[in-house]
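Work through the exercises below with the sequence and the coordinates open. Each task is followed by a stepwise solution.

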Amino acid sequence: MTDRVTAAEPLSAAPANPAAAPHVDAGDAGYRKDLKSRHINMIAIGGAIGTGLFLGAGGRMSQAGPSLFIAYAVCGVFAFFVVRALGELVLYRPSSGAFVSYAREFMGEKGAYTAGWLYFLNWSTTAVADITAAATYAHFWAMFSDIPQWVLALIALAVVLTANLISVKYFGEMEFWFAIIKVAALVAFMLVGIFLVVTSHDVGGHTPGLANITDNGGIFPNGMMPMLLLIQGVVFAYASVELCGVAAGETENPEKIMPKAINSIMWRVGLFYVGSVVLLALILPYTAYSGDQSPFVTVFDKLGIPGAAGVMNLVVLTAALSSLNSGLYSTGRILRSMSLSGSAPKFTGVMNKGGVPYGGILLTAGFGVAGVLLNYVMPGEAFELVLNFASIGIIGTWAMIMVCSLLFVRRAKEGKVVRPGYNLPWAPYTQIVTLGFLAAVLVLMWMDGGISRTTVNCLPLIAAALTGGWFLVRRRVRETSAAHQG
């Protein structure tokens with residue numbers, strides 16, 4: 001594959017009437033509009049359905065009981081607010097730099113720098129978690145059981161990285177089919193689950209129905225606190241919802257495609273997350289589930305359906321690869337936007353002839369290689385170790401999106417920009433409440449103790465690293481800005 005650098009269009013001077021001529025971002029030049037409506041719709045679905053449901057729901061159900069559906073519902077509402085706020089900004093000005101580009105416009109280069117590196121913290125650590133999960137799930141099958149975990153992790157990274165480097169079409173197609181598999185599996189489970197509940201069919205010695213909830217401590221069998229403490233992990237389950245906003249920069253007619261894709265997230269969350277958890281609680285007592293096995297695998301195991309557990313494990317493996325695919329794609333675009341403004345390494349701004357910003361993708365993949373080494377050194381603890389740092393990156397990214405949305409609404413009231421017809425309802429109160437929710441999640445992480453508290457205690461170190469990094473790049477940022485405006 002022949003590499004080349006795509007020259008960025010110079011930024012023009014600030015217009016006299018910003019409402020008539022929106023901000024121009026150098027990082028948007030050079031991309032191909034190869035993502036179709038079906039890609040964006042399935043990317044939106046895939047972003048809302050991940051390993052947090054397919055695998056994480058088992059352990060969370062065993063701790064919080066049926067009340068887990070409340071946590072999924074509450075976090076789903078705030079996830080929808082975040083993606084709806086991002087959607088409004090996308091329709092105002094589509095950009096592959098997404099919230100980093102909007103932070104640059106409304107908060108300046110310091111804001112863009114902070115938003116970008118928090119997002120990179122999220123996905124670089126999530127990439128480690130994803131390849132760890134993929135390797136763990138692969139060990140389910142006997143043919144892979146003798147292969148070391150780190151080798152399987154490396155294979156997973158290599159396959160997804162290759163597809164990302166060729167062209168955005170390959171990313172779109174891979175994500176399309178990953179999402180199809182996830183949705184088909186959930187629909188199949190829900191149809192089976194509804195049949196089991198309606199017919200009171202025996203499942204491993206238990207009769208599906210309300211009795212599995214009422215006879216086992218009710219909705220809150222262990223009190224309300226376990227459900228509240230699990231919210232931090234549930235937030236991680238929604239970590240990719242912002243992906244459709246990044247992808248909007250590489251699609252034609254985002255003003256037609258995006259509203260439909262974003263609006264569909266709300267009912268899909270209600271149907272797939274909340275509906276699935278309610279069915280799980282009705283089919284078996286919450287004590288039947290564990291963190292060592294997907295709750296869907298648990299149900300099919302107890303039904304005794306041959307091969308069902310293997311099929312569901314394939315779906316869970318697909319969810320992990322989908323997340324890795326999304327992380328490499330989105331960080332490549334975000335880092336390119338930052339590179340062309342001077343706040344990320346220069347090599348992350350280069351593109352190949354397929355219009356792929358391969359420099360940023362390779363940087364994220366480099367952290368994935370570090371994850372392979374982590375799997376070699378400590379295969380048992382690798383997943384939990386990185387998951388909490390990914391949560392910090394998610395919370396930071398969502399917070400930056402809502403701050404950008406707040407500033408955008410303020411500029412609209414001043415007459416400097418025009419809000420699109422598709423906008424975030426109840427602004428600015430929605431943004432303020434969402435920011436309060438994210439702050440509460442940090443408090444809950446600290447209250448949870450253990451590695452979660454340690455992660456929150458590392459926030460001053462993360463802030464110090466961001467501050468130190470800014471002093472290293474600020475001169476180049478200023479020089480780049482001056483060159484663009486000149």
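Helices (H or I, at least four residues) and strands (E, at least two) are DSSP runs, numbered from the N terminus. The model is predicted, so local features need pLDDT of at least 70 and side-chain atom pairs pLDDT 80 or more, while totals for chains, interfaces and linings use all residues. Residues are numbered from 1 along each chain as its sequence is written, and side-chain values use heavy atoms, without hydrogens and water.

**Exercise 1.** Place V377 in the secondary structure and classify its exposure.

Step 1. V377 belongs to helix 16.
Step 2. The classes are buried (under 20% relative accessible area), exposed (over 50%) and partly exposed in between, with a 1.4 Å probe and protein chains only.
Step 3. The relative accessible area of V377 is 64%, so V377 is exposed.

**Exercise 2.** Which helices each supply at least two residues of the nonpolar patch?

Step 1. A nonpolar patch joins side chains of Val, Leu, Ile, Met, Phe, Trp or Tyr within 5 Å, from residues with over 30% relative accessible area and no salt bridge (a Lys or Arg side-chain nitrogen within 4 Å of an Asp or Glu carboxyl oxygen).
Step 2. On the surface, W150, L154, Y376 and V377 make up such a patch, together about 440 Å² of accessible area (Shrake-Rupley method, 1.4 Å probe; for residues, only the protein chains shown count as cover).
Step 3. The helices are helix 7 (149-166) and helix 16 (358-377).

**Exercise 3.** Compare the radius of gyration of the protein with that of a compact globule.

Step 1. The radius is taken over C-alpha atoms, and the globule rule is 2.2 Å times the number of residues to the power 0.38.
Step 2. For 486 residues a compact globule would have a value near 23 Å; the protein has 22 Å, which agrees.
Step 3. Of the 486 residues, 59% are buried.

How values were computed:
Patches are made of residues with over 30% relative accessible area and no salt bridge: like charges are joined within 9 Å, nonpolar side chains (Val, Leu, Ile, Met, Phe, Trp, Tyr) within 5 Å.
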